[in-house]
Structures are given as structure tokens and as C-alpha cells.
Amino acid sequence: LAQVSKYFRRHLLKMPDGYSSTDGIVRSADPSTLSEPLGAGRARGVHVDLDLTVDFVGKRLIGHADWHCILNSAADSSGGFELVLDAAQSLVVHDVYVDGALLDKSKWSRDETRKHDVLGMAIRVTLGSGTPGDKVVVRLSYETAAPGPDGEGGCSALQWLPPEQTKGKKLPYMFSQCQAIHARAMLPCQDTCECKVTYNGSICAPAELNALMSAVKLSGPTPAAAPDWETPEGCGKDWMKHTFEQKVPIPAYLIAIVCAAIESRRVGPRSQVWSEKEMVDDCAWEFAETEKFVAAGEALCGPYKWGVYDLLVLPPSFPYGGMENPCLTFVTPTLLAGDRSQVNVVAHEISHSWSGNLVTNETWEHFWLNEGLTVFTEIKILRDVYGAEEAALQLASRLKSLAESVNHFGTEHNFTRLVPDLSGGLDPDDAFSTVPYIKGMALFALLESLVGGEKEFQPFLKAYFEKFGGRTVTSQQMRDYFLEFFTARAKEDEAVSAAMKGPVAGLDWEKLWTEPGMPDFLPTCDAKPVEEAKELANKWNECSAKGSLEGFSSDDIKGWSTAKLTVFLDSMLADNEDGGGTLSAAACARMAECYGFLTSNCELSFRFLRLALGAKWDGAKDAAVKLATSQGRMKFTRPMYRALKAYDEKLAKDTFISNRNGYHPICTKMVARDLGV
């Protein structure tokens, strides 16, 4: 009852559950932050200047962050103010300066009273008296935590790869991944989407390595003074500086950095593709159509605000398909299929240029506003670039993934709500699934269908991006603007007026946001290729049951796209993330022989291997172990390990323990939980 009461208070009555001091003032509406950007007597960051050196030997970033802050209203007659920042427990802060003056250590502290395993340990800086609206600059000299000798621990936002884990095998590689709440491990910050800031960056690195950030590059490489430590093996003694500028306000989770032996190829008027030189030409070919996606996004959503749209193809340990870092999308090399069949991920990340990056969910509980609207736009971009049938196939596979995620958590689980309750220090990483993506997309599709289709809904989205650009939104704010926009439109159009008085008026918004499980409305995808894929799947199921498998051959799928084959395999998989289905082991062996799924691209082999392990076909074991260990994309790695666990628990645990240091810290954490190690 206490949990229900808390959920009712926070979500239905819109009462924030942020930290309140003894004066009763709410300092944040975000349960995933310990910072205090709101309310009287506090300061809010609006810009940060980062000056960092990349120490590959010590596996740390070291330097300072200059926070440009604005004072909120005064808390009392004393006029005193405080800056409260998020920081991981492991982040080491050396000194603090206020407007250039070194602050006595009695004037700043780590907040031990609210120390939390997930949320970290806040930094409290006493600013003294001031006038509301005044600007103050706070410098924090700090360094990130280094991993231990066994590779465990350290900064959760950074992965340090030795040369042998790179394509070139000669030089090290470092990259960041801050979503959802790992920015606080890379820099002291107000690590909440409530605070969107501009930033400048200055990165000093060994001369043999390049540096990039989620920003426009201003200069570099230019010679820099050498720090007091050694360069890594393979590098000389020279150091170079690179500078960057991000003019569009972003939340801290979108601050990103990479330092590696990378180079680029231009693929469009505003796009370059970056990777190690050994694979950069293949990457450039794979993503040569990037500009088509950007242009299609602009047609749907309005002007692209970020100047450049570059892509960085990372090493295999990158834990996601893509990360929408502004100006520099990070993507996994598992997209390099050699036939451009996986570039839909780029359409997704480009869509984030509007939903997520330009207009951002206020807290991670409203994550569906970022991801649901992004998938909604992505499907339309794919339709406009590749046609309606391709979009329908992509949609079918997304709907399958939603059912898998809901069943993985359980249909009554908090994390299957559009707006889950993350209070009590819940880790947003634990809530990550396809639910906000696909259930969120389904709600936007429902709203579009009710008001008269795309011709009515797309102008609303353009207006939404214009109104909230550079800001954050909650589910309630999105709803209120939707109603405001279409109430005005109803005065001009009888059909819209009827919709507003009828089905829109009848919407139960609280149910849409808070009811767990599958949504009542799902968009349809009944294109001919979808039906053909399902028909072949049904034939396999029937023949598997009968033991009659001789009639299949490679001709069955001649000319089929990856998207169509994905729907085919999805149709035979059980609706859970672990895999398994109705095929027999003999049928799986025959399918591998006919269709070559053991050696196909990751999207196909990932599905087939889960199907085959569920059937206890021993011929899938080696390929499954290879897929689980050759890359760290959690979409593949986590379900693959869970399927291996169901097949042979000892094999799954031994494989992970032997390979855990090769994964990104986020992936390691999540797989370890999945396997109970």
C-alpha cells in the first residue's frame, strides 16, 4: 500500500519525489539525481567548460570542469546559495574554486548523508550570498576513477580498451557512454535531464590519437604541453589539444568523448563516418545514404539544428546499437552487414536529433517521450527512403520485441508501464527495455489515428519540436500541448472537431501512462512480405511437428531481405527475450543447412541461435558462445547469455566469467545480474 500511495502521489497527483531539505523545498522532480538544481537558495548550471587530459596509462580523465551557474531565488534573508552536483562515489575531486578563488575545504563537501550505491554521492559547494539571477563560475578540479588490476570498477561511463581489443592492434582506445545516469562518473554535474546546458571541451591526448566529442570541432590537433605522466605504449612523447563547442543545450547524458586512432571519410554535405583506418572505407560504404535519412527527418520534423551529423563506428564492446550523441552518433560494428541491411539504426539515431536531443524527457520516468517518438519517426523515415513494405517489416519486428520485453518482466511489472516509478533509488539501467520504445510508439500511433492521420498529426509534431526545442517535457506537458493544438485545429476542421469531442475526449491518459503490460492499441502491419514470412514460418512449424523436413531449400528465401527474414524467425520464437520456440532440434539443424543462419548477420544469427538453443540443438552451442563473446551489444549479448543459461547454465557462467573484462562496464553489470554471478 505504501508503494501504491507513493506511485499515486508522484504520478497521478504530479507531486515530485525529489530531495527536500529541512525547509521543505523540492530541489528536483527527478528520483534519479542527488543534485539540487531547483528551488530557492540553489544554483543551476547552464554551461560547462571541460578541460581534460586523457591518461591511458592511468586509465583516467584528469582536469577540471568550469560550471557557469545562475542563482535561483534566495532561500531566506541571509541570501546564501549552494551548488549541489551529482558525482559517482568513485569520482575524485581535488579542489573547488568560485569565481577564480580557491575555496576553503570547509566550504565544500561530499554529502555522506545521502550516499547511494546507484545515485552516487553529491558534492555540495557553498557559494555565499548573492542576488537571484547572478552568474557564478565554479571550477572543480577532478579525475575519474581507474579500473582495478582485474579490470573491474573504475568509471562506469568509460571503457579503456588495450590495443589487442581494437582493429589496428597497435594503439589503445577510450570511449564514453553516459546514458542514463553515468555522466556523474565522468564529470561532476547536475546529472538530470531537468538541466540542459551548452558546453565547450578541450581534450589533450597523445599525438598519435584523435579526439572527438558530441559537439562541433573548433580546432586541433594543435601542439600541447606534455603532462606529468607517460604516454601509452605505441605513442611518442608529443601531445595534442582538440577543442569543441556545443551551442545547443543538452542534458549531461549526451556529453560524449572518444580518443583513439580514428579517421574519417565524408559521406554527405554534413556527415563524416569515423572509425579505425582498417575499417573506415567499409563503414563509409555501409552508411553512404546517411544524408537521405537526415533529409527525410527534416521533412517530417523540421530543421536539423545541430550543424553536423557524423557517425563513429566503435569497437565491438560498445553496449548499444547506437547512441544519439549530438553531432556524433556512436554505433556498433554489428551494423556492418555488407549490404546496408542494418542501417535502420541510423534512421533511429537521426530521429533523436528532434526527440530526445532537442526535446528531452524531463526525467527517466518519461523516457517513452524520447524513445517512443523516435521509433515513430524512424519508421516513417524508413518508409520514405525504402518504401512502405520495408517499414511494415521493421514495424512487425518491433512489435514482437515489445511482447518479448513485457513477458520478460511480467505483465504486471512496474517496468512495463509507459511511466514507471523509479523512486527509491532504482537504477534506470534496470528499467531499460523495448517497452518505452515500442509501447511509446504505439501511443503516438494511436493519437495520430484518432485526429485524422499523418496529414493532421505531423504538423502537430513539428509545432511540438518548435515549442519545446532546447527544453524538457513530461507526459502531462505533451498531453496538454496535444490537446491545446488540436482544440485550436478543431475550430477549423469538422473532422478534427468530431475526433476531439469523441475518441480523444474518451482517452484515459492515466491508464495509458500507468497501466502495466501490453497496450490496448497496436498499429497494424499487414503488408504482403509480412504475411509471406509468417506463412513460411507456419510451414516450418507444421513440418517440424510431423518430422517431414525434406521439402525445404535455399530457394525458399531467395531474394528475401534481412527485415523479412527477421519477421520469419520472430514468428517461430516464443514471446520472451530468452528465446526458444516450437521447432525441434532436427528442424533447427535442417534450417541451418538450408538457410545458413549460423553464419549470417547478427540480427539473423541472434534470433536463430535462441530458437536453436531452446530446441536443445547442440549444433548451435559454439556459434552462440561466439556471438556472446565477439561483441558486447546488449540487445544480443544479454538474451544470448540467458538462452545459453537455459541450455547449459555452467557453460553460460564460465563463458561470461572468462570474457567479462572485454565488455563495457554497463554490459558487464547487466549480464552479471542476469546470470547471478
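This is a predicted model: local features need pLDDT of at least 70, side-chain atom pairs count only at pLDDT 80 or more; totals for chains, interfaces and linings use all residues.
Residues are numbered from 1 along each chain as its sequence is written, and side-chain values use heavy atoms, with hydrogens and water left out.

Where does Lys-196 sit? Its place is in the loop between helix H2 (183–186) and strand S11 (197–206); helices (H or I, at least four residues) and strands (E, at least two) are DSSP runs, numbered from the N terminus. Lys-196 is buried yet has no salt bridge, and the nearest side chain of opposite charge, that of Glu-362, is 11 Å away. Buried here means under 20% relative accessible area, exposed means over 50%, and partly exposed lies in between, with a 1.4 Å probe and protein chains only. A salt bridge is a side-chain nitrogen of Lys or Arg within 4 Å of a carboxyl oxygen of Asp or Glu, and for charge, Lys and Arg count as positive and Asp and Glu as negative, with His and the chain ends not counted.

Now to Glu-362, found in the loop between strand S21 (359–361) and helix H6 (367–386). Glu-362 is likewise buried without a salt bridge, and the nearest side chain of opposite charge to it, Arg-44, is 7.7 Å away. Not counting residues up to four places away in sequence, Glu-362 touches Ala-29, Thr-192, Cys-193, Glu-194, Thr-472, Val-473, Thr-474 and Gln-477.

Strand S1 (residues 43–55) and S2 pair in the antiparallel sense over twelve bridges, and the two form a hairpin with four residues between them, where Lys-59 in the turn has a positive phi of about 50°. Two strands pair if DSSP finds at least two bridges between them. S1 is also joined to S11 by seven bridges, and these two run parallel, with Asp-51 opposite Ser-202 in S11. Strand S2 (residues 60–71) pairs with strand S8 (residues 135–143) in the antiparallel sense over nine bridges, and His-64 stands opposite Ser-141 in S8.

Taking the sheet as a whole, eight strands form an open sheet with mixed pairing, in the order S5-S4-S8-S2-S1-S11-S14-S13. Its edge strands are S5 (101–102) and S13 (216–224), each of which pairs on one side only.

Turning to salt bridges, a search of the whole structure finds 48. In one of them, the side chains of Asp-66 and Arg-139 meet at 2.7 Å, N to O. Asp-66 lies in strand S2 and Arg-139 in strand S8, so the pair ties together parts that are 73 residues apart in sequence. Asp-66 counts as buried at 11% relative accessibility, whereas Arg-139 is partly exposed at 32%.

In another salt bridge, the side chains of Glu-532 and Lys-564 meet at 2.4 Å, N to O. Glu-532 belongs to helix H14 (residues 528–546) and Lys-564 to helix H15 (residues 562–570), so this pair ties together parts that are 32 residues apart in sequence.

I will finish with the largest nonpolar core, which has 222 residues, and in which Tyr-464, Trp-540 and Phe-568 touch the most other members. Helix H9 (residues 435–451) supplies the largest share of this core, eleven residues. A nonpolar core is a set of buried Ala, Val, Leu, Ile, Met, Phe, Trp, Tyr and Cys residues joined through side-chain atoms within 4.5 Å.

Key: Contact means heavy atoms within 4.5 Å.
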